Amino acid sequence: MNKAYIFHTGFIWGASTAAHQIEGNNVASDWWVREHALHTDVHEPSGDAADSYNRYGAGIRLLANAGWGMYRFSVEWARIEPAEGCFLKAELLHYRRMIDICHANGVEPMVTLNHMTLPLWLASQGGRLNPKVIDCFVRYMRYVMPVLHNVTWVCTINEPNMVALTRGGTEGADFVAASLPAPDPDISAVLVQAHKKAREILSANPNIKSGWTIACQAFHAMPGCEKEMEEYQRPREDYFTEASVGDDFIGIQAYLRTFIGKDGSVPIPDDVERTLTGWKYFPPALGIAIRHTWDVAKHTPVIVTENGLATADDNRRIDCTLDSIIGMHDAMTDGIDVRGYLHWSLLDNYEWGSFVPTFGLISWDKETFERHPKPSLNWLGSIAKTGAVTK
């Protein structure tokens, strides 16, 4: 017999994207330069990406028509301030129009202020290790604030733990954070300070609810390696989660689990199902991440800001998402305050070096950029409409 899992009225359903990964032609960013550098380590450049800088309305309307209630997107610092101290009003108003289109279609916008990339001028001056970086971020924040006047949900920084792990860069599509060295502690501290400064600025608008998002890996200890796992996990995840205590929410971004042994992360066995990112197929990662984050963040409200599957098989995407949502529901049944679920990603996008890993609920034609909804878009939309899922 099938079992129904019911979500309360007001639970948020939506999808997420990030500017550099879908907009295209983000030429003033550090990532654009990395993509086009001589002997680059990047598999392919972002180029036009999905041309969402021009076609954002199509994606928002498809999301709304499918029954979704929220769209998370990022504003691109490198577009708004392409040279130090040079702010472009037209670019700021571009993102204001995105907010307006969301509202016009009955969609709640969630705005991320910094999603992985930096303006090239700042990156070339030391990036997040530049002594001025906090002041620069604050100045950018104050410039953006006026267009957020009727936005409720704001993410300050996306996945600060990944930023610290990669020293401010981002690896390609085959990246697994567990294989990277420990985060730079100075960058970690700067990110926490930037987040808290951003929250102070955002608090000038009492209607804004702010937090940041953490990349969670559902760490598991090999037998007898519990101490090693805790020591491994803390600088890579818990340090940032602890900084969220008292925030309006914390965003959880969960895709995989990582086993830790005496010598660090344990390789994934060859005989398991893998996604197009090379990660093990493991839907329970979301429920595990929710429970761990809830404890470490001392019961700060949770929003799942990213969860999905890199696959060319949309039926497998639905399978994975169904089991992930059920794990989330089980955590909620146990008393964890989860406010919403945002799928990654609304569109097939540029996964930091490659277009091969397809996470999207919507694909697009590489010649015409025409959008093509996948069955998973309406399947998840039906859950959003009814507040129920059955398995």
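These are my notebook entries on a predicted model.

**Ground rules.** I'm working with a predicted model, where local features need pLDDT of at least 70, side-chain atom pairs count only at pLDDT 80 or more, and totals for chains, interfaces and linings use all residues. Residues are numbered from 1 along each chain as its sequence is written, and side-chain values use heavy atoms, with hydrogens and water left out.

**Cysteines.** How many disulfides are there? I took a disulfide as a pair of cysteine sulfur atoms within 2.5 Å, and the count comes to 0. C86 can't make one because its sulfur is 14 Å from the closest cysteine sulfur, in C136, which is too far for a bond. I checked C136 as well: it is in no disulfide, and its nearest cysteine sulfur is that of C86, 14 Å away. C136 is buried, at 4%, while C86 has 35% relative accessibility and so counts as partly exposed.

**Helix packing.** Next I looked up α3 (residues 52-66) against α13 (residues 375-386). Helices here are DSSP runs of H or I with at least four residues, strands are runs of E with at least two, and both are numbered from the N terminus. The two helices pack at an angle of about 55°, with their axes 8 Å apart. Those axes are lines fitted to C-alpha atoms, for helices over the stretch in contact, and the angles run from 0 to 180 degrees between N-to-C directions. That makes α3 oblique to α13; under 35 degrees would be roughly parallel, over 145 roughly antiparallel, 65 to 115 roughly perpendicular, and the rest is oblique.

Which residues of α3 meet α13? I found L62, N65 and A66 on the α3 side, meeting L377, N378, G381, S382 and K385 in α13. Contact means heavy atoms within 4.5 Å. By class, the α3 contact with α13 has 3 nonpolar, 4 polar and 1 charged residues. The classes put Ala, Val, Leu, Ile, Met, Phe, Trp, Tyr, Cys and Pro in nonpolar, Asp, Glu, Lys and Arg in charged, and the others, Gly among them, in polar.

The peptide bond from W344 to S345 is cis, with omega near 5°. S345 is in the loop between β12 and β13. S354 is found in the loop between β12 (338-344) and β13 (362-364). Buried or exposed? S354 has 6% relative accessibility, so I logged S354 as buried. Its side chain reaches the backbone nitrogen of V356 at 3.0 Å.

**Positive phi.** I flagged N25, which has a positive phi of about 55° although it is not a glycine. N25 is in the loop between α1 (19-22) and α2 (30-36), and at 36% relative accessibility N25 counts as partly exposed. M116 went on my list too, with a positive phi of about 80° although it is not a glycine. M116 is in the loop between β4 (108-112) and α6 (120-123), and M116 is buried, at 5%.

**D330.** Where does D330 sit? I found D330 in helix α12 (residues 314-333), and D330 is partly exposed, at 32%. D330 and Y5 are 325 residues apart in sequence and 8.9 Å apart in space, C-alpha to C-alpha. Leaving out residues up to four places away in sequence, D330 touches Y5 and R291.

Methods. Buried means under 20% relative accessible area, exposed over 50%, partly exposed in between (1.4 Å probe, protein chains only). A polar contact is a pair of N or O atoms within 3.5 Å; within protein, one must be able to donate a hydrogen and the other to accept it, and residues adjacent in sequence count only if both atoms are side-chain atoms.
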